[in-house]
Amino acid sequence: GTLDQKAELIFRLYDFDSSGSVSRDEMVIMMRSTLSALNSMANQAPPSTTQIEEATDDFFENADTNKDNSISLKEFQSYVSKNKSILNLLDVYHFITSDDLRTDFGTGEDGFPDADSDLENETEKRDFKRTEKQERAKEGVEGGMGLFEEEEMGEGDQFMAVKPFEGVVKNSVPSNYKPTKGESDPPEATLDLEYVHGYRCHDVRNNLRYNIKGQLVYHTAGLGIALNSTTNSQQHFFGHNDDVTCFAMHPDGEHIVTGQVGKKPLLCVWSSITMECKATFSGVLTKGITHVAISNDGTRIAAIAADNDHTLAIYEWSPNAKKVSEKPVASGKGPRAKLLSLQFEPDDTTLLATCVKEIDFISFAGRVKCSRGVWKSATAQSVLCASYLDGKHLITGMFDGTLARWKGKNFSDSIAAHKKAVNAMTLRNNGKGLITGGSDGKVIIWDGGLNNLKTIDLAAKNLKILDPKARSVTEDMK
């Protein structure tokens, strides 16, 4: 069986009340049994009560991701599959094979992968699949349920079993009822969207920005949102017809570029002030758009598709453009590795793509060409985000929590920053320094020399944040 199946078997054995979760008391019993057996095989004394309690506390600290004081099957399987001590133990007794191991986002120097559920969501589990019926519905060719599949209910008893209320309504008509003209017509009233709760961050990062009006701009579902945090009111952009999956802000602080899922996904440019759609591009990119970037001079947009070639397309657009061509000025195959971020380099003649265990410098004059960065003596690991300090010095946020410095296309050195992956990075608005956010729940403000000016702990009790991982960081333009 697979590692997940083996983990589920163990989980069921200790889920004594069949509640679907393991409590702390049940975990203590599991730890006592497991550690006692292991110590016996190693000819060691049984574990003490203190050791068992410490092992239980450690398990809950790392496995109980939603902090509800219980371990679900999914949490248990995830923890078992990425805890290197457990993997090493299972490997010693030949309980696992290489097929059981998850994607390695780190250096994997000890022979086992540095797994990460968030990056797996981002690179492997995004739902870009759409049926032909869903695609036709988006184009207005087919009505009905739109993006939702309508299940065939059948007829007769089968229909009534699924929709019993139909029979109740039919049999509840008063005997003296007489229909009146127009009563079956739909109401004249319409619904207007007022407020949307939620923000897409389970498989997207760096998608939250302040605009020039001090509003927070982001996306969720198929909407672009501008939030006035003072009045707690929202404006919405409705230009997409499917889930929005990527986001970038124009240097003018007003315009936004967003990409979506779909066989022929839309790339939309819109104002975060008026919510007006300024341009739409479609045709070259397929399956979905995973990343977008806007040039530093604000005249070009780059986007990468979710297809197997990671197709790159670059379009010309600016707020003052009188005529916009829907055809890209350049397009071609992007990096082979799975992308984690995309941006223009300071001179706007090349692009920088950070990837799983790779960094690529992409030229697009004439044809698209990807050139990998050189790690030299360093071991390759995933590069999650990047910025150019002072418009010259490339700094990247790494999976191991460090900030790496590069000279040209070559890795130079790194400095300690976060205890876990650096998920987000943005330049400070004064042009001096940057801000980073990590999976360790810390946000750090750095000066131009990469000296730590301030650390904000998102796990602080007064903030009451359930999952304090920083997914995006931004600074008010004021």
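Here is the reply, starting with the conventions and then moving to the charged pairs.

Reply: Quick caveats before the details: this is a predicted model, so local features need pLDDT of at least 70 and side-chain atom pairs count only at pLDDT 80 or more, while totals for chains, interfaces and linings use all residues. Residues are numbered from 1 along each chain as its sequence is written, and side-chain values use heavy atoms, with hydrogens and water left out.

For context, the protein chain has nine helices and 26 strands (DSSP runs numbered from the N terminus, H or I of at least four residues for helices, E of at least two for strands). Its C-alpha atoms fill a box of roughly 85 × 75 × 45 Å along the principal axes. Of the 478 residues, 45% are buried, where buried means under 20% relative accessible area, exposed over 50%, and partly exposed in between, with a 1.4 Å probe and protein chains only.

Now the salt bridges. The structure holds 18 of them, each being a side-chain nitrogen of Lys or Arg within 4 Å of a carboxyl oxygen of Asp or Glu. Side chains of opposite charge can pair when their charged atoms come close.

Take Asp 104 and Lys 357, whose closest N and O atoms are 2.8 Å apart. This pair links distant parts of the chain: Asp 104 sits in the loop between H5 and helix H6 (117-123), and Lys 357 in the loop between strand S16 (350-355) and strand S17 (358-363), 253 residues apart. Asp 104 counts as buried at 18% relative accessibility, whereas Lys 357 counts as partly exposed at 28%.

Next up is Arg 205 with Glu 122, at 2.9 Å between the closest N and O atoms. Arg 205 is in the loop between helix H9 (164-170) and strand S3 (209-210) and Glu 122 is in helix H6, so this pair ties together parts 83 residues apart in sequence. Both ends are covered here: Arg 205 is buried at 8% relative accessibility, and Glu 122 is buried with a relative accessible area of 7%.

Asp 413 and Arg 405 make another pair, with their closest N and O atoms 3.0 Å apart. Asp 413 is partly exposed, with a relative accessible area of 30%, and Arg 405 is partly exposed too, at 29%.

There is also a network: salt bridges link Arg 130, Arg 200, Asp 203, Asp 242 and Asp 243.
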